[in-house]
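Have a look at the structure first, then read on.

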Amino acid sequence: MSDATELVKLRRNPGRRVNQDPGKIWRLRVAAGLSLTELAQRAGISKGHLSELEKPEPSRSASPAMLARLAAALDCDIADLMPGKRVA
């Protein structure tokens, strides 16, 4: 499934939970020089929830709205946080 197709699905069903790529969230946070606390504050989510999202096998998933807030805080696209797209 393409990134564009996935983003259209997110817009049509905002309450849907999304499988994010935990490694990408962590790599983008570290590359931005942000601590877990700093990113959580910028994205408006709890530090504990962000920590769960970054685990290799997260027990929680993110809503499209949460991914949008994380992407904005990391200055990236939502697609950058999802499986399938390579992030440096």
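## The two sides of α3

Let's start on the outside: Gln41 and Arg42 are exposed (over 50% relative accessible area, with a 1.4 Å probe and protein chains only), and they sit on the face of α3 turned away from its buried side. On that buried side (under 20% relative accessible area), you'll find Leu36, Leu39, Ala40 and Ala43. Looking down the axis of α3, these buried residues fall within an arc of 100°, so they line one face of the helix. That arc is taken from the directions from the helix axis to the C-beta atoms.

## What you're looking at

This is a predicted model, where local features need pLDDT of at least 70 and side-chain atom pairs count only at pLDDT 80 or more, while totals for chains, interfaces and linings use all residues. Residues are numbered from 1 along each chain as its sequence is written, and side-chain values use heavy atoms, leaving out hydrogens and water.

The protein has five helices and zero strands. Helices here are DSSP runs (H or I, at least four residues), strands are E runs of at least two, and both are numbered from the N terminus. Of its 88 residues, 40% count as buried.

## α3 against α5

How do the axes of α3 and α5 cross? Helix α3 (residues 36–43) and helix α5 (residues 64–74) have axes that come within 8 Å and cross at roughly 120°. That makes α3 oblique to α5, oblique being what remains once angles under 35 degrees (roughly parallel), over 145 (roughly antiparallel) and 65 to 115 (roughly perpendicular) are taken out. Axes are lines fitted to C-alpha atoms, for helices over the stretch in contact, and angles run from 0 to 180 degrees between N-to-C directions.

Leu39, Arg42 and Ala43 of α3 make the contact (heavy atoms within 4.5 Å) with Arg69, Leu70, Ala73 and Leu74 of α5. Among the buried residues of α5 are Leu70, Ala73 and Leu74.

## α3 against α4

Helix α4 (residues 47–54) packs on α3 at an angle of about 110°, with the axes 9 Å apart. That makes α3 roughly perpendicular to α4. Here Leu36, Thr37, Leu39 and Ala40 of α3 meet Lys47, Leu50, Ser51 and Glu54 of α4.
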